[in-house]
Amino acid sequence: MSGVVTGDAVVLGLQPARLPSRALAVLIDLVVVWAAYLLIMLGLAVATASLDEAAVAAVSVAAFLLVLVGAPIAVETLSHGRSLGKMACGLRVVRDDGGPIRFRHALVRGAMGVVEILMTFGVVACVASLVSERGRRLGDVFAGTLVVRERMPAARVLPVPPPPPWLVGRFAGLDLSAVPEALWLEVRQYLTRARELDPAVGRRLAERLADELVARTGTPPPAGVPAYAYLAGVVAERQARDTRRAFTEAGAGANVGNRTGDGGGGGFEAGRVFGAPAVAVPPVVAVPPVVPPSGASPVAPPVTPPPAASPLSAPPAGGSSSGGGSSATGFVPPA
């Protein structure tokens, strides 16, 4: 990876294209360009058969410059650094700061390409690319450009082998907050590649990683536990904690959504008018009848007179009544 620094002082990790991929891209471009050039020259030979030698030479030079020089420059400018060969090989031409190239960059690269690729059959370009640290030819050096890889091969992620069954849950009380991510990555890489290592080398590496984990956690491993099993058990414990944390956060988000979202009535309480304040309705309590002593007539429960009408609930002046002196509600207030 090459550290390309942008104008905002941001370091980009880009992988420069090396000579084999660049040579294949140039070969594809040359095949396409020369095929188009030969077809155009055949057409021009038929069209300029009646012209003199000077006119034919001028047309030939113009066709050479337009097809073999101008066409690659135009393609790289319009495609922002992706010719047909580079597109097939997953390459792109970018500036030194990682930005897209412009016409002046493509012009310098195309002009230098005539000298180091066409006139010397690519010998100068190959030597310059081999000498350069980032695989740049002379055209890239003068134009301030860099050819990088756009398509990176997908890394093959290997699963971490599980710990022995008798170690599952043994590290539940271990404090893993002080273990850095770099150490976790190193332990994971060792566990996934342990079978490919030499037994002696793998044992020494496991012991070193186990010592670093013990120094970070402050808790020594159980007696009689091999270093490999200890590393596998600690990594499994961390994965279990991450899984529980993810499920807890997902459950908390679902509970919040249930409290604030769909509750069977579209988020509104039944019987509530939108925009009106909620009014607490007192429960209806049934008053049992008063049971008199034996031989006496039953006495009805006392009737509580209704409260006086509130000024806020009084009908407006001049409003219509449903009866003589009765309010709009149909109830006659007490005298």
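Me: Which residues have the most contacts inside the largest nonpolar core?
Reply: Val187, Tyr190, Leu191, Leu213, Tyr230, Leu231 and Val234 do, in a core of 24 residues. A nonpolar core here is a set of buried Ala, Val, Leu, Ile, Met, Phe, Trp, Tyr and Cys residues joined through side-chain atoms within 4.5 Å. Buried means under 20% relative accessible area, exposed is over 50%, and partly exposed is in between (1.4 Å probe, protein chains only).

Me: Which elements give two or more residues to this core?
Reply: Those are helix H7 (181-193), helix H8 (199-217) and helix H9 (227-260). H9 gives the most, with seven residues. The names come from DSSP runs numbered from the N terminus: helices (H or I) have at least four residues and strands (E) at least two.

Me: Before I go on, what kind of model is this?
Reply: This is a predicted model, in which local features need pLDDT of at least 70 and side-chain atom pairs count only at pLDDT 80 or more, while totals for chains, interfaces and linings use all residues. Residues are numbered from 1 along each chain as its sequence is written, and side-chain values use heavy atoms, with hydrogens and water left out.

Me: Back to the core, then. What does Val234 touch?
Reply: Leaving aside residues up to four places away in sequence, Val234 touches Phe171, Leu174, Leu176, Trp184 and Leu213. Contact means heavy atoms within 4.5 Å. There's also a second, separate core of seven residues, including Cys89, Leu91, Val93 and Val147.

Me: How do E3 and E4 pair?
Reply: Strand E3 (residues 91-95) and E4 are antiparallel, with five bridges; two strands pair if DSSP finds at least two bridges between them.

Me: New topic: salt bridges. How many are there in the whole structure?
Reply: A search finds 16. A salt bridge is a side-chain nitrogen of Lys or Arg within 4 Å of a carboxyl oxygen of Asp or Glu. In one of them, the side chains of Arg109 and Glu76 meet at 2.9 Å, N to O. Arg109 lies in helix H4 and Glu76 in helix H2 (residues 53-78), so this pair ties together parts that are 33 residues apart in sequence.

Me: Are those two buried or exposed?
Reply: Buried: Arg109 has a relative accessible area of 3%, and Glu76 is at 7%. Both also belong to a network of salt bridges that links Arg22, Glu76, Lys86, Arg109 and Asp140.

Me: What about Glu237, which residue does it bridge to?
Reply: Glu237 forms a salt bridge with Arg244, and their closest N and O atoms are 3.8 Å apart. Glu237 is buried at 8% relative accessible area, whereas Arg244 is partly exposed at 48%.

Me: And H4, where is its kink centred?
Reply: On Gly113, and the kink is about 40°. The bend at a residue is the angle between axes fitted to the seven residues ending there and the seven starting there. Gly113 is also one of the buried residues of H4, among them His105, Ala106 and Val114.

Me: What comes just after H4?
Reply: Phe121, which takes a positive phi of about 55°.
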